[in-house]
Amino acid sequence: MTTPMRQAALDAMAKAYAPYSQFQVGAAVRGASGKIYNGCNVENVAYPEGTCAEAGAIAAMIMSGETEIAEVYVVAGSPDPVPPCGGCRQKLREFGQGDVVVTMATDSGTEMSMTLAELLPGAFTQSHLEKDA
Ligand code: THU
């Protein structure tokens, strides 16, 4: 079933700039307001400078004035659902609580869901920055 989240992620995947890996990824995050933001991976000839689809979707959400992620959907043209990379797990956890559901999907429709806490157990969070009194 093509939900609004899946459609937003597919729309983003179609715009991916991935000339080096040929691996197009689309991500959608739903903010607490219900609004959906999407992003695609944007690669660079200096490979480490490329950015992931999740980062693009988060940037779009922040630019709209929202800071709370309620749901995540990631899609790629791969045989199996693609999980967010380690860095993106931390980026998503910045704005999403541990119970936020991340649905990973293929372009043909296979889906797999995990929470942010399952994807990033023992996350480094703001509470770890608190100093002793
Ligand atoms: N990529 C994403 O955009 N999100 C992920 O969750 C996994 C990987 C991108 C980065 C790079 O442009 C390409 O996929 C191959 O690693």
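**Reading the surface, the ligand site and the chain**

Reply: Let us begin with the surface, where Tyr17, Tyr20, Val42, Val45 and Tyr47 form a nonpolar patch with about 540 Å² of accessible area together. This is a predicted model, in which local features need pLDDT of at least 70, side-chain atom pairs count only at pLDDT 80 or more, and totals for chains, interfaces and linings use all residues. Residues are numbered from 1 along each chain as its sequence is written, and side-chain values use heavy atoms, with hydrogens and water left out.

Me: Where is Val45, and is Val45 buried or exposed?

Reply: Helices (H or I, at least four residues) and strands (E, at least two) are DSSP runs, numbered from the N terminus. Val45 is in the loop between β2 (36-40) and α2 (53-63). Buried means under 20% relative accessible area, exposed over 50%, and partly exposed in between (1.4 Å probe, protein chains only). With a relative accessible area of 62%, Val45 is exposed.

Me: Which residues surround the ligand?

Reply: A residue is near a molecule or strand if one of its heavy atoms lies within 4 Å of it. Here the ligand is surrounded by Ser21, Phe23, Val25, Asn41, Glu43, Cys52, Ala53, Glu54, Pro83, Pro84 and Cys85. This shell divides into seven nonpolar, two polar and two charged residues. In that count, Ala, Val, Leu, Ile, Met, Phe, Trp, Tyr, Cys and Pro are nonpolar, Asp, Glu, Lys and Arg are charged, and the others, Gly among them, are polar.

Me: Which polar side-chain atoms lie by oxygen atoms of the ligand?

Reply: A polar side-chain atom of Asn41 lies 2.9 Å from a ligand oxygen atom. For Glu43 the distance from such an atom to an oxygen of the ligand is 2.6 Å, and for Glu54 it is 2.6 Å. Taken alone the ligand exposes 370 Å², of which the protein buries 76%.

Me: How many salt bridges does the structure hold?

Reply: A salt bridge is a side-chain nitrogen of Lys or Arg within 4 Å of a carboxyl oxygen of Asp or Glu. The structure holds one, in which the side chains of Glu71 and Arg30 meet (2.7 Å, N to O). Glu71 lies in strand β3 (residues 69-76) and Arg30 in strand β1 (residues 25-31), so the pair ties together parts that are 41 residues apart in sequence. Glu71 is partly exposed at 22% relative accessible area, and Arg30 is partly exposed at 27%.

Me: What is noted about the phi of Gln22?

Reply: Gln22 has a positive phi of about 60° although it is not a glycine. Gln22 is in the loop between α1 and β1 and is exposed, with a relative accessible area of 61%.

Me: What separates the C-alpha atoms of Gln126 and Glu94?

Reply: Those C-alpha atoms are separated by 8.4 Å, while Gln126 and Glu94 are 32 residues apart along the chain. Gln126 lies in the segment after α4 (116-119). By contrast, the C-alpha atoms of Pro19 and Ser127, 108 residues apart along the chain, are separated by 40 Å.

Terms used:
Patches are made of residues with over 30% relative accessible area and no salt bridge: like charges are joined within 9 Å, nonpolar side chains (Val, Leu, Ile, Met, Phe, Trp, Tyr) within 5 Å. Accessible areas come from the Shrake-Rupley method with a 1.4 Å probe; for residues, only the protein chains shown count as cover. A polar contact is a pair of N or O atoms within 3.5 Å; within protein, one must be able to donate a hydrogen and the other to accept it, and residues adjacent in sequence count only if both atoms are side-chain atoms.
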